[in-house]
Amino acid sequence: MKINNKLLGLVTKKFNDFFLVDLKNQENSVISEKFLCKVRKSINFKNQLIYVGDQVVIENIDLKSKRAVITSFKKRKNLLVRPSVANISNIYITFSVEEPALNLSQVNRFLISAESMGVEVSLVLTKCDLISDTRRSSLIDKFEKWGYQAITLNLEKSDYFNNLLVELKQKECSILMGPSGVGKTTLLNMIIPGLQNSTAQVSNKIKRGKNTTRNVELFPLSNQSYIVDTPGFNMQPLEVDIRLLPNLYPEIYKQLIDEEIKCKFRNCLHLNDEGCNLNKSFERYSFYKEMIESSKSHYSQNLED
Ligand SMILES: Nc1nc2c(ncn2[C@@H]2O[C@H](COP(=O)(O)OP(=O)(O)O)[C@@H](O)[C@H]2O)c(=O)[nH]1
Ligand SMILES: [Mg+2]
Ligand SMILES: [Zn+2]
């Protein structure tokens, strides 16, 4: 029952030394199942670990026992830390409009940290049943000016949710990120029905008894799209190098690119008016300035030269 081919797969789950590899989306593959794999012993990927989201080559494929070995892995596009997930294509920054109340400075930090991953970033606002339609529209307008088309959701109205689901199915690998209590788990359970019961199967397979601890896992949404479940992780925004900040604010980089704004100094941080041609009349400018000024003390050099 063993086949000798080398096949490319996607790591959808990792536990101890085991990896669950999904071959479903591979061209020419009639195999549509998950394989329980270990990394070939003789192989040491220069001490690099393999993560959920990595594309791996598997060999020694046993169709009956659904086992195989990982013999190499592809260069990854990006790697998110805490939780570790490779090759994310879309980050959905998720915040509730109430309970807990929207904290704009926190939304800003999450957006910036997501932008620093170099992926497509979207904003999801949950619990819109707790606010008026007027407030909802004004939030949409606000975030439009920040450069984001906010997706507004509530548990009662499913039309916006269905639009989001259609969108997610067109992306490669999405993740919801945001503080705790905003409704990420609730939303994920709507996106992946049956999510809560999905661990038992795998635990049985590796015969480690009743292991109900859930790890980071990719769930398929369509033939080519996945969403990451990050149970038990309360994600915090990452630290970002302030020199990259101008590239992480749509209000700034759109001016620099679309309008070809040029400042006198090449590495202008757009703090002073002298020699700076950036139009600073946008809402998040104060956040931008604060972020740079608060981290400037970490750098001894003058960053504006
Ligand atoms: N009113 C309202 N409550 C919601 C909505 N979505 C989630 N919640 C509640 O918010 C609380 C926190 O949700 P949870 O999914 O655990 O948030 P997480 O910490 O981000 O995973 C739960 O009590 C949910 O029932 C919503 O659209 N409207
Ligand atoms: Mg949760
Ligand atoms: Zn400038």
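Of the residues around ligand 1, which come nearest?

Modeller: The model is predicted, so the criteria come first: local features need a pLDDT of at least 70, side-chain atom pairs count only at pLDDT 80 or more, and totals for chains, interfaces and linings use all residues. Residues are numbered from 1 along each chain as its sequence is written, chains are lettered from A and ligands numbered from 1 in the order in which they are written, and side-chain values use heavy atoms, with hydrogens and water left out.

Lys127, Gly181, Lys184, Thr185 and Thr186 come nearest among the 13 residues around ligand 1, where a residue is near a molecule or strand if one of its heavy atoms lies within 4 Å of it. Three of these residues also make polar contacts with the ligand, a polar contact being a pair of N or O atoms within 3.5 Å; within protein, one atom must be able to donate a hydrogen and the other to accept it, and residues adjacent in sequence count only if both atoms are side-chain atoms. Gly181 places a polar backbone atom 2.6 Å from an oxygen atom of ligand 1. Lys184 likewise contributes through its backbone, with an N or O atom 2.8 Å from an oxygen atom of the ligand. Thr185, by contrast, uses a polar side-chain atom, 2.7 Å from an oxygen atom of ligand 1.

Ligand 3 is a zinc ion, coordinated at 2.1 to 2.4 Å by the SG atoms of Cys263, Cys268 and Cys276 and by ND1 of His270. Donors here are N, O and S atoms within 2.8 Å of the metal (3.2 Å for Na, K and Ca); water is not among the atoms, so sites may look incomplete. Along the chain the donors follow the spacing C-x4-C-x1-H-x5-C. The angles among the 4 donor atoms run from 104 to 115 degrees, and the site is tetrahedral. Four donors count as tetrahedral if all angles lie between 85 and 135 degrees; four count as square planar and six as octahedral if opposite donors are over 155 degrees apart and all others between 65 and 115, and anything else is irregular. The ideal angle for four tetrahedral donors is 109.5 degrees. Of the coordinating residues, Cys268 and Cys276 are both buried, buried meaning under 20% relative accessible area, exposed over 50% and partly exposed in between (1.4 Å probe, protein chains only).

Helix H6 comprises residues 250-258 and includes Pro250; helices (H or I, at least four residues) and strands (E, at least two) are DSSP runs numbered from the N terminus. Within H6, Pro250, Glu251, Ile252 and Gln255 are buried. Pro250 counts as buried because its relative accessible area is 3%. Its contacts (heavy atoms within 4.5 Å), neighbours within four places in sequence aside, are with Glu115, Trp146, Gly147, Tyr148 and Arg284. The C-alpha atoms of Pro250 and Trp146 are 6.9 Å apart, although 104 residues separate the two along the chain. Gln255, also in H6, counts as buried because its relative accessibility is 8%. Beyond four places in sequence, Gln255 touches Glu260, Ile261, Leu278, Asn279 and Phe282.

Some backbone features elsewhere deserve a note. The peptide bond from Glu99 to Pro100 is cis, with omega near 0 degrees, and Pro100 lies in the loop between strand S9 (90-96) and helix H1 (104-115). Asn16, in the loop between strands S2 (7-15) and S3 (18-22), has a positive phi near 50 degrees; it counts as exposed because its relative accessibility is 53%. Asn60 also has a positive phi near 50 degrees but belongs to strand S5 (residues 55-62), and it is partly exposed at 38% relative accessibility.

For the protein chain overall, the secondary structure comes to 7 helices and 14 strands, and 49% of the 305 residues are buried. Of the contacts with a separation of 6 or more, 67% join residues 24 or more positions apart. The mean pLDDT, the predictor's confidence in each residue from 0 to 100, is 86, and 85% of the residues score at least 70.
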